[in-house]
Amino acid sequence: MRVTISPATQRVLPLLTDPPTAPTAPHGYLDLLGPQPADDQGVNTGIVQSLWSSRIGASLFDHAATTARRAFGILQSPAERLHLQPGHTVLDIGCGPGEITAALAHTVGPTGLSLGVDISESMLTRAAHQHHADNIAFLRADAQRLPLRDNTIDAVTCIAGLQLIPDPVAALGEMIRVLRPGGYLAVLVPTVRTGPLELIGRYLPGAGGARFFGATEIADIVKGFELGEVGTRRVGMIQWTYGQKLRATK
């Protein structure tokens, strides 16, 4: 039986490079990956990803995120760094249970659109069930190959998710590609200063599906994609990197 998609999901379709002819969202989110094996999608299937996809792991994720917000005050909505205005379209990569996506939707208002993207079916199901609004939509897609047209999004954020993506350089390139000229990117990652711990962090993807980044690593990558006015803010091992897209992707 076909499931009618929400008004918010209908607003996503014109942004897609290849919109489905008969879109459905039986679990509340638009799935553009389907049942293919994870390896076919280039998805990291390490220990960390398996944990977050489980029921126990999802509960632990919520508890960890709440604790981090209280401890650092840094996982709050990145709306200020994204320079959001009413009517903007904002993309939340690695949205998990959708708390940040919903906060961004409040900032862009009813004429705007907040789009949460994740690869975990369990996370997206929970996000779609917990957050209902005509300006919130959820999409199952691969951050390394975003199914969105060039220069279509006003702002992009990825909070504590980039370290779980197998190819973070490709994912950052995609985030910048879909940004409109003048749009802003804000990324939050765990970082370590140069030394033995950084080297260990670089080997984690093969072992468990997660990693740490060097103190200037994200900033260096996004500058290579011609993101301008790049800045960073570090608190302990947590770091924001943010900047503005200089010109249109061709």
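**Note on the predicted model: fold, cores, pocket and selected residues**

1. The chain holds nine helices and nine strands, where helices (H or I, at least four residues) and strands (E, at least two) are DSSP runs numbered from the N terminus. This is a predicted model, in which local features need pLDDT of at least 70 and side-chain atom pairs count only at pLDDT 80 or more, while totals for chains, interfaces and linings use all residues. Residues are numbered from 1 along each chain as its sequence is written, and side-chain values use heavy atoms, with hydrogens and water left out.

2. Of the 250 residues of the chain, 51% count as buried; buried means under 20% relative accessible area, exposed over 50%, and partly exposed in between, with a 1.4 Å probe and protein chains only. Among contacts (heavy atoms within 4.5 Å) between residues at least 6 apart in sequence, 65% join residues at least 24 apart.

3. The largest nonpolar core has 38 residues, and those with the most contacts inside it are Leu91, Ile93, Val156, Leu162, Leu172, Met175 and Leu185. Such a core is a set of buried Ala, Val, Leu, Ile, Met, Phe, Trp, Tyr and Cys residues joined through side-chain atoms within 4.5 Å. Two or more residues of this core come from each of α1 (7-12), β2 (89-93), β3 (113-118), β4 (136-140), β5 (153-159), α7 (168-178), β6 (179-192) and α9 (217-224). The largest share, five residues, is given by α7. A second, separate core of 14 residues includes Leu82, Ile100, Leu104 and Trp240. In soluble globular proteins, nonpolar side chains tend to be buried together.

4. Helix α7 is mostly covered, since nine of its eleven residues are buried: these are Pro168, Ala171, Leu172, Gly173, Glu174, Met175, Ile176, Arg177 and Val178. Methionine 175, with neighbours within four places in sequence left aside, is in contact with Ile93, Leu146, Val156, Cys158, Leu162, Leu185 and Val187.

5. In α9 the buried residues are Glu217, Ile218, Ala219, Ile221 and Val222. Glutamate 226 lies in the loop between α9 and β8 (227-235), and its phi is near 65 degrees, a positive value in a residue other than glycine. This glutamate is partly exposed, with a relative accessible area of 41%. A positive phi in a residue other than glycine is also found at histidine 83, where the value is near 55 degrees. Histidine 83 lies in the loop between α4 (79-82) and β2, and is partly exposed, with a relative accessible area of 41%.

6. Alanine 8, in helix α1, counts as buried at 0% relative accessibility. Between alanine 8 and leucine 113 there are 105 residues of separation in sequence, yet their C-alpha atoms are 7.3 Å apart in space. Not counting residues up to four places away in sequence, alanine 8 touches Leu113, Ala133, Asp134, Asn135, Ile136 and Ala137.

7. Tyrosine 29 is found in the loop between α1 and β1 (30-31), and at 4% relative accessibility it counts as buried. Tyrosine 29 and leucine 124 are 95 residues apart in sequence and 6.7 Å apart in space, C-alpha to C-alpha. With neighbours within four places in sequence left aside, the contacts of tyrosine 29 include Thr24, Glu121, Leu124, Phe138 and Arg140.

8. The second largest pocket has about 220 Å³ of space. A pocket is an open set of points, on a 1 Å grid over the protein atoms alone, where a 1.4 Å probe fits, with protein on both sides within 12 Å along at least five of seven lines, and lining residues have an atom within 4 Å of a point. Of the 17 residues that line this pocket, the closest to its centre are Ser6, Gly28, Ala128, His131 and His132, and the elements giving two or more residues to the lining are α1, α6 (121-130) and β4. The lining divides into nine nonpolar, seven polar and one charged, where Ala, Val, Leu, Ile, Met, Phe, Trp, Tyr, Cys and Pro count as nonpolar, Asp, Glu, Lys and Arg as charged, and the others, Gly among them, as polar.

9. Asparagine 151 is found in the loop between β4 and β5. A polar atom of the asparagine 151 side chain lies 2.8 Å from the backbone nitrogen of threonine 249. Not counting residues up to four places away in sequence, asparagine 151 touches Arg177, Val178, Leu179, Arg180, Pro181, Lys245, Ala248 and Thr249.

Definitions and conventions
Grid points are joined across faces, edges and corners, and a volume is the space filled by probe spheres set on the points. A polar contact is a pair of N or O atoms within 3.5 Å; within protein, one must be able to donate a hydrogen and the other to accept it, and residues adjacent in sequence count only if both atoms are side-chain atoms.
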